[in-house]
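Trainee: I am new to this structure and would like to go through its contacts step by step. Please show it to me before we start.

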Amino acid sequence: MSIAEMIHANRDAMTRSESQLINVILDEYPISGLCSITELAEKAGVSTPTVGRMLQKLGFSGYGQFQATLRSELGEMISGPVAKRNVWKERLPEGHVLNRYSWQALENQRRTIDQVDPDDFDALCRLLVDRDRRIFVAGGRITGTLARYLYLHLQMMRPEVRLMPSAASWLHDLLDLRAGDILVVFDVRRYENATLTMAQMCHGRGAEVVLFTDQWRSPIHRVARLTFSGRIAVPSAWDSVASLLLLTECVIASVQETLWTSVRTRTDDLEAAFDMTGLFRKFE
């Protein structure tokens with residue numbers, strides 16, 4: 001587990017002072033924990049013994065071990081394809097690639113779903129079925145495929161859904177953004193600056209930001225109302241987004257059932273248009 005995951009898993013066991021401390025750690029994660037223990041305690045307004053007690057609850061023997069883990073995570077967060085492959089090359093599981101890759105991808109999905117808070121999931125779905133809110137969906141260079149996948153399904157199920165374009169053209173969409181609208185954004189390591197800027201600007205205009213990210217969490221989490229973390233590391237130079245795709249499909253299934261009456265009407269209209277254009281082959 002990443003330190004962020006450890007913190008979230010142990011939140012209920014924290015005292016008020018310890019909760020105050022972990023909020024500071026998560027706010028600028030993982031950079032916030034790379035200062036001295038005294039500086040971290042002062043920043044959080046707690047004592048240094050409080051820092052030590054909190055770290056013990058997370059399973060760390062001391063501040064040195066905590067910082068070493070943070071530095072390791074930071075290296076993973078910013079590593080490119082070549083560096084990621086070098087890590088896996090040293091501890092590559094035996095067996096055919098079909099088995100070793102798919103096993104890790106399936107394990108990522110299992111652990112991702114196990115760590116999702118059902119209340120947070122339900123809160124997201126309530127946002128997405130709210131007809132008074134418009135939905136903007138965005139992703140990055142690779143995660144844009146996930147964003148488009150979600151967008152196409154939501155667009156079939158309800159009106160007022162937009163896919164944010166790449167590059168600077170998304171600034172045009174901000175002209176129509178209203179307070180209370182929703183930005184669903186996908187961002188995994190190495191975390192794209194343009195995606196972060198988009199999320200910050202949407203948040204600044206009063207939008208509700210929902211983030212789908214990895215186990216280390218994109219910096220966008222600082223402005224997100226809801227954050228969902230998926231495990232993405234696999235024995236490859238490139239990460240797997242299968243866990244985030246699974247979570248996205250769970251959202252699609254939930255929204256579909258909640259809006260089924262209107263979804264069916266929109267689907268009938270869409271199917272009629274498909275027939276008129278001859279998009280799909282008919283076996284008649």
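Mentor: A salt bridge is a side-chain nitrogen of Lys or Arg within 4 Å of a carboxyl oxygen of Asp or Glu. This is a predicted model, where local features need pLDDT of at least 70 and side-chain atom pairs count only at pLDDT 80 or more, while totals for chains, interfaces and linings use all residues. Residues are numbered from 1 along each chain as its sequence is written, and side-chain values use heavy atoms, with hydrogens and water left out.

Trainee: How many salt bridges does the structure hold?

Mentor: One of them joins the side chains of Arg231 and Glu5, at 2.7 Å from N to O. Asp130, Arg133, Glu208 and Arg225 are linked in a network of salt bridges. The number of salt bridges in the structure is 12.

Trainee: Are Asp181 and Arg134 buried or exposed?

Mentor: Their side chains meet in a salt bridge, 2.9 Å from N to O. The pair links distant parts of the chain, 47 residues apart: Asp181 is in the loop between helix 10 and strand 3, and Arg134 in the loop between helix 8 and strand 1. Buried means under 20% relative accessible area, exposed over 50%, and partly exposed in between, with a 1.4 Å probe and protein chains only. Asp181 and Arg134 are both buried.

Trainee: What separates Arg110 and Glu107 along helix 7?

Mentor: Arg110 forms a salt bridge with Glu107, with the closest N and O atoms 2.6 Å apart. Helices are DSSP runs (H or I, at least four residues), and strands are E runs of at least two, numbered from the N terminus. Because Arg110 and Glu107 are three residues apart in helix 7, what separates them is about one helical turn.

Trainee: At what angle do helix 9 and helix 12 pack?

Mentor: Axes are lines fitted to C-alpha atoms, for helices over the stretch in contact, and angles run from 0 to 180 degrees between N-to-C directions. The axes of helix 9 (residues 144–157) and helix 12 (residues 242–258) are 10 Å apart, and the angle is about 5 degrees.
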